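Subject: A structure to look at

Hi there,

Here is the structure I promised to pass on. Have a look at it, and then read my notes below.

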Amino acid sequence: MHTIFNYRCPASPELGLVVELQTSDSSPEQLRTRAWLKLDLFDNNRNLRSGAWKVPFYFPPIIPEMSTSELLSRPRYETAELYLRVVNNRDTGSQSAASISPANHIDYQLAALNYPDANGSYAVY
């Protein structure tokens with residue numbers, strides 16, 4: 001049985017998603033952390049960063065409080081990337097109709113940082 005949590009948290013550029021990639025050579029009791037990633041969920045204007053994103057994995061250690069710009073200077077975990085969709089609740093109808101297929105990989109974009117550079121552009125992972 002799965003428990004569904006429905007929490008409401010205020011929109012904040014400091015709220016992010018951290019994903020840990022673990023593997024096991026033989027049994028679930030011997031999991032090893034191989035890589036991790038962090039995705040900012042809101043931009044600096046407190047808007048949900050909805051969309052189809054691909055985010056690269058990085059080597060441990062996991063440091064959730066690390067800023068995304070600091071994360072960019074860390075070594076990437078080979079070519080591993082997580083493809084995910086972040087959906088605003090008001091768009092669930094149209095998003096539910098989207099097909100799930102490996103052919104849709106071209107629809108996913110590298111996630112941009114929340115922090116614009118001196119030219120007002122946003123860096124990409």
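Along the sequence, the elements of the protein run in the order β-β-β-α-β-α-β-β-β. That makes 2 helices and 7 strands, where helices (H or I, at least four residues) and strands (E, at least two) are DSSP runs numbered from the N terminus.

Before the details, please keep in mind that this is a predicted model: local features need pLDDT of at least 70, side-chain atom pairs count only at pLDDT 80 or more, and totals for chains, interfaces and linings use all residues. Residues are numbered from 1 along each chain as its sequence is written, and side-chain values use heavy atoms, with hydrogens and water left out.

Of the 125 residues in the protein, 26% are buried. Here buried means under 20% relative accessible area, exposed means over 50%, and partly exposed lies in between (1.4 Å probe, protein chains only).

Pockets

A pocket is an open set of points on a 1 Å grid over the protein atoms alone, where a 1.4 Å probe fits, with protein on both sides within 12 Å along at least five of seven lines; lining residues have an atom within 4 Å of a point. Points are joined across faces, edges and corners, and the volume is the space filled by probe spheres set on them.

The largest pocket has a volume of about 430 Å³. Its lining has 14 residues, and Tyr-7, Leu-48, Val-87, Asn-88 and Asn-89 are the ones nearest the centre. By class, that lining holds 9 nonpolar, 3 polar and 2 charged residues. In this scheme Ala, Val, Leu, Ile, Met, Phe, Trp, Tyr, Cys and Pro are nonpolar, Asp, Glu, Lys and Arg are charged, and the others, Gly among them, are polar.

The second largest pocket has a volume of about 230 Å³. Of the 14 residues lining it, Arg-85, Ser-99, Ile-100, Asn-104 and Tyr-108 come closest to its centre. Strands β3 (51–58) and β4 (76–86) are the elements that give two or more residues to this lining. Its classes are 6 nonpolar, 6 polar and 2 charged.

Aromatic rings

There are 2 aromatic pairs, counting rings of Phe, Tyr and Trp (its six-membered ring) with centres within 6.5 Å; planes under 30 degrees apart are stacked, over 60 edge-to-face and the rest tilted. Phe-59 and Tyr-77 have ring centres 5.2 Å apart and planes at 75 degrees, so this pair is edge-to-face. It joins distant parts of the chain, with Phe-59 in the loop between β3 and α1 (68–71) and Tyr-77 in strand β4, 18 residues apart. Phe-59 is partly exposed at 32%, while Tyr-77, at 18%, is buried.

Tyr-83 and Tyr-108 are also edge-to-face, at 5.4 Å centre to centre and 70 degrees between the planes. Tyr-83 lies in strand β4 and Tyr-108 in the loop between α2 (92–96) and β5 (109–110), 25 residues apart.

Charges

The protein has 2 salt bridges, each a side-chain nitrogen of Lys or Arg within 4 Å of a carboxyl oxygen of Asp or Glu. Arg-34 and Asp-25 form one at 3.9 Å, N to O; Arg-34 is partly exposed at 21%, and Asp-25 is exposed at 70%. Glu-81 and Arg-76 form a salt bridge at 3.4 Å, N to O.

Enjoy exploring!
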